Amino acid sequence: MERSPEDAGGSPTTLFQLSARAVTADMERLEEDVWGLPAVILQGLLPMLNIYYLERIEPAAVRKGLSTQSVWCKLWKDIMKSKPSRLVTVMCWRKKFLEAFFHNVLRGILDVSADRRLHDRRFSPLDHSARHVSELTICNKQQEVTELTPALLQSLAQSVEALKFLHLRSSDSDTQKCLRLLLHHLIHHGHVNKVSVLSWPCPDNQLLDLILTMSAGYWQPDTDSPCSSCLLADSPPISGERSGGPGALLSLQPLNISQNVPASSTSCGGPGGGHSSEPNDLYDFIFSVSAVGDSTPETSCVEGVTSVGASPLSGAMLFRSVRALNLHNIPLTLPSCRSLCRLLRSWTSLERLTMAYNDLGANIALVLEALSALSRSPGCCLSVFSLSDITTYVPMLELVHTLLRNLPNLQLLSLSYDLESHSEWESPGAGAAQCAGESGARGSVLPVVPNSYVFFWSLQTMAYSSWSSAFLMTLCWWSISCLC
């Protein structure tokens with residue numbers, strides 16, 4: 001008879017353990033009878049069950065006043081071979097274990113046949129644990145997405161609330177098709193509200209554009225293999241082809257880039273257009289306090305997203321989009337920054353935007369212009385904005401001034417930069433055009449001051465009408481920090 005981990009130490013096997021092992025070996029037939037056992041017997045039986053029946057017996061155990069948390073905790077220590085951080089309080093060991101179990105099996109780094117508690121021919125490890133996954137992590141070449149069946153996608157669409165992309169690398173076309181379908185199910189037909197793309201030193205622009213476009217809610221239908229969820233939907237989304245009328249999607253035209261923005265990359269490639277009047281200096285345009293446009297475009301609501309104009313993709317459809325976007329340690333080239341900005345201009349459902357170490361340089365002007373346009377869109381929900389980088393090409397006070405002025409709905413603003421040099425505040429009278437001109441050349445970057453400057457400001461208790469007072473307070477805080 002196979003020795004279990006409980007008696008592997010050589011201690012004598014008790015009659016109860018022998019009986020419990022016989023019962024757990026025949027759970028397919030005895031499961032309902034086990035649920036009806038007295039609490040004192042069921043409590044001793046719980047550690048003998050494999051993870052599938054342990055998860056299924058949870059409701060019966062709770063009704064009898066029993067907890068399975070200690071069993072799941074022991075499974076974590078035995079299988080995952082790690083101790084949880086003392087800084088994190090584990091609210092549910094069952095969810096923590098099964099979520100990690102799903103990822104390890106999906107990536108092929110856990111052999112379920114090596115432990116009887118993980119193996120049962122009547123259950124699929126992935127199918128059984130998928131409903132406990134609230135944050136799905138996709139790594140490297142995204143090989144794991146090719147293992148997800150339609151049934152798994154449906155299950156994940158009901159449970160996953162956050163998507164994390166970590167250390168991505170370029171993948172083949174078949175893998176990207178699977179990834180595209182995954183994003184469509186989990187974001188457009190699911191409950192994903194947050195997308196994080198982390199640690200991608202050399203991003204693939206095509207892959208990054210796919211992730212951002214799908215996160216913003218846009219979907220290009222595939223006529224060869226239409227989405228089953230789209231076919232079953234009671235209210236099909238409005239097609240972006242019907243532009244020009246009240247139900248059309250927002251127009252995302254390429255931005256007009258002035259000569260002050262580095263033009264080392266190719267243009268956006270979309271249809272021309274943009275603003276009818278191009279300012280002489282994009283930097284001055286961004287940091288000028290402009291009034292709201294004279295004309296207000298017609299609006300419509302597509303599955304909770306306010307939109308106007310034309311779709312950024314020919315024949316694209318607009319679905320639900322995520323509410324939080326985190327781009328951390330991803331250098332954004334001019335084309336990728338333009339793609340992001342075209343989406344940001346109409347991303348009205350976006351509530352939290354975090355951009356860290358994206359090497360924006362002068363492209364910060366594009367981001368600020370897009371956010372300014374977003375804030376003027378009806379239904380804009382952006383309330384939290386966090387921006388950090390090694391160096392800044394924009395004087396900090398002007399950056400704060402612009403953000404407070406053009407993003408009236410902000411409740412939390414966080415800026416973190418390493419200052420380029422003291423000359424930035426030694427000569428505050430330097431014109432904006434001069435700063436923009438210096439930022440255009442990568443080779444003219446001045447030495448970075450060792451100590452980083454961090455600006456953190458909460459606007460939750462402040463009315464927008466008093467933004468000038470907030471700016472004066474920020475000015476005082478800046479002066480004090482400089483003296484220190």
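Contact is taken to mean heavy atoms within 4.5 Å. The structure is a predicted model, in which local features need pLDDT of at least 70 and side-chain atom pairs count only at pLDDT 80 or more, while totals for chains, interfaces and linings use all residues. Residues are numbered from 1 along each chain as its sequence is written, and side-chain values use heavy atoms, with hydrogens and water left out. Helices (H or I, at least four residues) and strands (E, at least two) are DSSP runs, numbered from the N terminus.

Two packed helices are described by the angle between their axes and the distance between the axes. Axes are lines fitted to C-alpha atoms, for helices over the stretch in contact, with angles running from 0 to 180 degrees between N-to-C directions. Angles under 35 degrees count as roughly parallel, over 145 as roughly antiparallel, 65 to 115 as roughly perpendicular and the rest as oblique.

Helix α9 (residues 150–159) packs against helix α10 (residues 173–188) at an angle of about 40 degrees, the axes being 8 Å apart; the two are therefore oblique to each other. On the α9 side, L153, Q154, L156 and A157 meet L181, L182, H185 and L186 of α10. This contact comprises 6 nonpolar, 2 polar and no charged residues (Ala, Val, Leu, Ile, Met, Phe, Trp, Tyr, Cys and Pro count as nonpolar, Asp, Glu, Lys and Arg as charged, and the others, Gly among them, as polar).

For helix α14 (residues 334–344) and helix α15 (residues 364–375), the axes come within 8 Å and cross at roughly 10 degrees, which makes α14 roughly parallel to α15. Here L334, C337, R338, C341 and L344 in α14 meet L366, V367, A370, L371 and L374 in α15. By class, 9 nonpolar, no polar and 1 charged residues form the contact of α14 with α15.

The buried residues of α7 include W93, R94, E99 and H103, and their cover includes α4, α5, α6, α8 (125–129), β1 (135–139) and α9. Just after α7, G108 has a positive phi of about 75 degrees.

In α6, the buried residues are V71, W72, C73, L75, W76, I79 and M80; they pack against α4 (51–56), α5 (58–63) and α7 (93–106).

Terms used: Buried means under 20% relative accessible area, exposed over 50%, partly exposed in between (1.4 Å probe, protein chains only).
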